[in-house]
2 protein chains.
Amino acid sequence: MSDHPRPDMTPVDHAELALLLEVASTPKPGNVDRHRDHDDLRFEHFLAGAVGARPGLQLAADPERPPIGDAFERAVRGMSQQDGDNTQFGCLLLLVPLVRAAATDRLSPAGVAEVTEATTVDDAAGFYRAFDHVDVAVDDPPPDADALDVRRGADAVPALRERDLTLSDVLSLSAERDGNAREWTTGFERTFAAADRVLVDEGPVTDRLARIFLDLLAERPDTLVAIEHGDERAAAVSRRADAARGDLAAAEELAEAFREEGINPGTTADLTAAVAFVALERGVPV
Amino acid sequence: MSDHPRPDMTPVDHAELALLLEVASTPKPGNVDRHRDHDDLRFEHFLAGAVGARPGLQLAADPERPPIGDAFERAVRGMSQQDGDNTQFGCLLLLVPLVRAAATDRLSPAGVAEVTEATTVDDAAGFYRAFDHVDVAVDDPPPDADALDVRRGADAVPALRERDLTLSDVLSLSAERDGNAREWTTGFERTFAAADRVLVDEGPVTDRLARIFLDLLAERPDTLVAIEHGDERAAAVSRRADAARGDLAAAEELAEAFREEGINPGTTADLTAAVAFVALERGVPV
């Protein structure tokens, strides 16, 4: 690692920096970024969220290995110490297993799959408890899974235990309709592939991340947009992102348009933070 | 502290968040901020600098109490792990004793004066070693103090030891011409007074910090501007800041003008980070 541009930065440092670089990268149409706030969700809420999340990220990297579900819950609780409510819930859901993988020298699709596949019912319980700290936009559960609705938070834990569901099991249930859950069940396929593209891209890292955000949004409909506005609208958003690729002025216009329309491709922003983390670990310059 | 808006945030967290809020606050005419970069010094360099500084800030808060000069040197070394060179040297010089004071429950002018007055020659040596990590704009030393020129870095340490100079002694030597050294020798007088004003101000914390930056610049010439452009120019910069107070459009124009003129009131930005830290510790909302 002696030729790493940040020889003293740990996976925890890189995870925190990934959260900061994600929100700083602009334009990321529809999301809070360096140049845009939402009405009640401002840039500085994300800065405080990133700092507050750190103790949870530290647990994720801990050699004593507490359940990563506990690390996630601690990260979300710390993140919530600002007035913007949910800033980085989805980012942290992706970062926690990536940090665990990096801290145990296996930051690869196979390595992070080992981490997610090793999760237990205790990890699932931590994940559910995390929903008690902030409001998270989620889809309704499948018709037969009311007892497992994440919006029940800690109240759903007995049902989890009764059915012996691990965190990996829980996320598999929503992999079809939640882009973050999909990463969990595919060895973070899109994350690693996109990080490779960021590494060979050029220019400031925040420009690279803004470009990859648009690429990711163009390539696959954002699942938060689908939950909030339906599948057709989400598909249209991706087509519009595709049309703006490689054209900064068009991307800026799209950012204005999405803001006016209330379109928030938040899952793609989560994925961008995960991509930033892998790229940082692999030496992308800052 | 149970009514603190950030019950789980430590002085180290608040110091890191102060660094982030300082650079995010805009407009801060002449400095990198949320809306402006310099040519080779960009916003993301400050984000990475803040994360990288953390292990040094942790040493400053350490109950085992290593010399704060060592904590400072570690913070600067960590900060320097980005491509912008010196991002937050002056901020850290102010934050390190403030963090030590906060971590020992004496974050007050008297408490931080105890911290600075307790410094030793070892602290001074750490301070000098920190100059080896980045390029810092400083004034020439007094005619009889060539051997103590900070630009000598670690090479000046034997001269320090020979003269038995503590870090407090060293900074007293430049208190007349360096605003940060002046804070060290006055119990952080301006820092605490400005933090009180930030606490009773209203609106987003980044707006409050942008306002206090302009106030501080108006009230006293910036010593970095004086070093780089002379005393008369520094006084004129303060008069221009005074004229822009309370007028956002005028402050934005001033930011453009200072950028064109190469005016960088960096010491006032350092002070703003220290103010942010004290305000965060005292519960300013984010």
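# Close-up views of a predicted two-chain model

**Figure 1. Overall build of chain A.** Of the 286 residues in chain A, 57% are buried. The coordinates come from a predicted model. Chain A contains 15 helices and zero strands. Its radius of gyration is 18 Å, close to the 19 Å given by the globule rule for 286 residues, so chain A is as compact as a globular protein of that length. Along the principal axes, the C-alpha atoms of chain A fill a box of roughly 55 × 50 × 35 Å. Among contacts in chain A between residues at least 6 apart in sequence, 72% join residues at least 24 apart.

**Figure 2. The symmetry relating chain A and chain B.** Chain A is superposed on chain B by a rotation of 180° with 0.0 Å of shift along the axis, at an RMSD of 0.0 Å. The two copies are thus related as by a two-fold rotation axis. Within chain A, A:R34 has the C-alpha nearest the axis, at 3.2 Å from it. Both copies use the same surface, since 100% of the contact residues of chain A recur in chain B.

**Figure 3. The side of chain A that touches chain B.** The contact takes 28 residues from chain A and 28 residues from chain B. On the side of chain A that touches chain B, α1 (11-24), α2 (43-61) and α11 (205-219) of chain A each supply at least two residues. The most comes from α2(A), with seven residues. By class, the residues on this side of chain A are 14 nonpolar, six polar and eight charged.

**Figure 4. Surroundings of A:A50.** A:A50 lies in helix α2 of chain A. A:A50 counts as buried because 33 C-beta neighbours lie inside 10 Å, where 20 or more are required. Apart from neighbours within four places in sequence, A:A50 is in contact with A:E16, A:L19, A:L20 and A:Q88. A:D85 is 35 residues away from A:A50 along the chain, and their C-alpha atoms are separated by 13 Å.

**Figure 5. Helix α3 of chain B and its cover.** Helix α3 (residues 68-79) of chain B has twelve residues and reaches 16 Å from its first C-alpha to its last, close to the 16 Å expected at 1.5 Å a residue. Eleven of the twelve residues of α3(B) are buried, so this helix is largely enclosed by the rest of the structure. Among the buried residues are B:D70, B:E73 and B:R74, as well as B:I68, B:F72 and B:M79. The cover over the buried residues of α3(B) includes α2 (43-61), α4 (89-103), α5 (109-117), α6 (121-130) and α8 (167-173) of chain B.

**Figure 6. The nonpolar core around B:L95.** In soluble globular proteins, nonpolar side chains tend to be buried together. The largest nonpolar core here has 190 residues, and those with the most contacts inside it are A:L95, A:L98, B:L95 and B:L98. Not counting residues up to four places away in sequence, B:L95 touches B:A15, B:A18, B:L57, B:A273, B:A274 and B:F277.

**Figure 7. Backbone details in loops.** The peptide bond from A:T26 to A:P27 is cis, with omega near -5°, and A:P27 is in the loop between α1 and α2 of chain A. In chain B, a cis peptide bond joins B:T26 and B:P27, with omega about 0°. A:D164, in the loop between α7 (157-163) and α8 (167-173) of chain A, has a positive phi near 55°. A:D164 is exposed, with 10 other C-beta atoms within 10 Å. B:D85, in the loop between α3 and α4 of chain B, has a positive phi near 65°. With 16 C-beta neighbours inside 10 Å, B:D85 counts as partly exposed.

Conventions. Residues numbered from 1 in each chain as written. Chains lettered and ligands numbered in written order. Predicted model: local features only at pLDDT ≥ 70, side-chain atom pairs only at ≥ 80, totals over all residues. Least-squares fit on C-alpha atoms with pLDDT ≥ 70 in both. Contact = placed C-beta atoms within 7 Å. Helix = DSSP H or I, 4+ residues; strand = E, 2+ residues; numbered from the N terminus. Nonpolar A, V, L, I, M, F, W, Y, C, P; charged D, E, K, R; others polar. Expected span 1.5 Å × (residues − 1). Rg over C-alpha atoms; globule rule 2.2 N^0.38 Å. Core = buried A, V, L, I, M, F, W, Y, C linked by C-beta atoms within 7 Å.
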